[in-house]
Amino acid sequence: MGDVLDRPFGPDGRTIRQEIQTYPAEQRAAFALAERRCTQCHSLNEPFSAHISPGGWRAVVRKMARQPGAAISSADQEKIAAF
């Protein structure tokens with residue numbers, strides 16, 4: 001199936017990863033943080049394919065941060081959830 005971030009989507013055929021590179025620096029940094037921290041346990045296919053409302057991400061990230069070895073600080077949890 002491959003990495004959902006690197007598959008073309010939308011009418012212009014850009015990938016999600018290419019689209020993210022057009023975001024403001026703060027959002028690109030939050031994505032990079034998520035990529036570093038979240039991929040310790042799973043690929044980013046899961047969150048990018050999930051059907052979770054924007055307001056629901058805080059609880060999901062908080063739950064994932066409690067997993068053994070995650071060690072994601074509260075500040076980083078907020079940044080990841082906001083992205």
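User: Is Gln 77 buried or exposed?

Analyst: The model is a predicted one. The relative accessible area of Gln 77 is 14%, and a residue counts as buried when that value is under 20%. Gln 77 is therefore buried.

User: Where is the place of Gln 77, and with which residues is Gln 77 in contact?

Analyst: Gln 77 has its place in helix α5. Leaving aside its neighbours within four places in sequence, the residues in contact with Gln 77 are Val 61, Arg 62, Ala 65 and Ile 72.

User: On which side of α5 do its buried residues lie, and what covers them?

Analyst: In α5, the buried residues are Asp 76, Gln 77, Ile 80 and Ala 81. They cover an arc of only 130° around the axis, so they are on the same side of α5. What covers them includes α2 and α4.

User: Which residues of α2 are buried, and what covers them?

Analyst: Ala 30, Phe 31, Leu 33, Ala 34 and Cys 38 are the buried residues of α2. Because they cover an arc of only 160° around the axis, they are on the same side of α2. Their cover includes α1 (16-20), α3 (45-49) and α5 (74-82).

User: What is the volume of the largest pocket, and which residues are the closest to its centre?

Analyst: The volume of the largest pocket is about 490 Å³. Of the 23 residues that line this pocket, the closest to its centre are Cys 38, Pro 47, Trp 57, Val 61 and Ile 80.

User: How do the residues of the lining divide by kind, and which helix supplies the largest share?

Analyst: The lining of the largest pocket divides into 19 nonpolar, two polar and two charged residues. At least two residues of the lining come from each of α2, α3, α4 (57-65) and α5. The largest share, five residues, is supplied by α4.

User: Is Thr 15 buried or exposed, and which residues is Thr 15 in contact with?

Analyst: Thr 15, in the segment before α1, is buried because its relative accessible area is 10%, under the cut-off of 20%. Leaving aside its neighbours within four places in sequence, Thr 15 is in contact with Leu 5, Asp 6, Arg 7, Pro 8 and Phe 9.

Terms used. Residues are numbered from 1 along each chain as its sequence is written. This is a predicted model: local features need pLDDT of at least 70, side-chain atom pairs count only at pLDDT 80 or more; totals for chains, interfaces and linings use all residues. Side-chain values use heavy atoms; hydrogens and water are left out. Buried means under 20% relative accessible area, exposed over 50%, partly exposed in between (1.4 Å probe, protein chains only). Helices (H or I, at least four residues) and strands (E, at least two) are DSSP runs, numbered from the N terminus. The arc is that of the directions from the helix axis to the C-beta atoms. Contact means heavy atoms within 4.5 Å. On a 1 Å grid over the protein atoms alone, a cavity is a set of points where a 1.4 Å probe fits but cannot get out, and a pocket is an open set with protein on both sides within 12 Å along at least five of seven lines; lining residues have an atom within 4 Å of a point. Grid points are joined across faces, edges and corners, and a volume is the space filled by probe spheres set on the points. Ala, Val, Leu, Ile, Met, Phe, Trp, Tyr, Cys and Pro count as nonpolar, Asp, Glu, Lys and Arg as charged, and the others, Gly among them, as polar.
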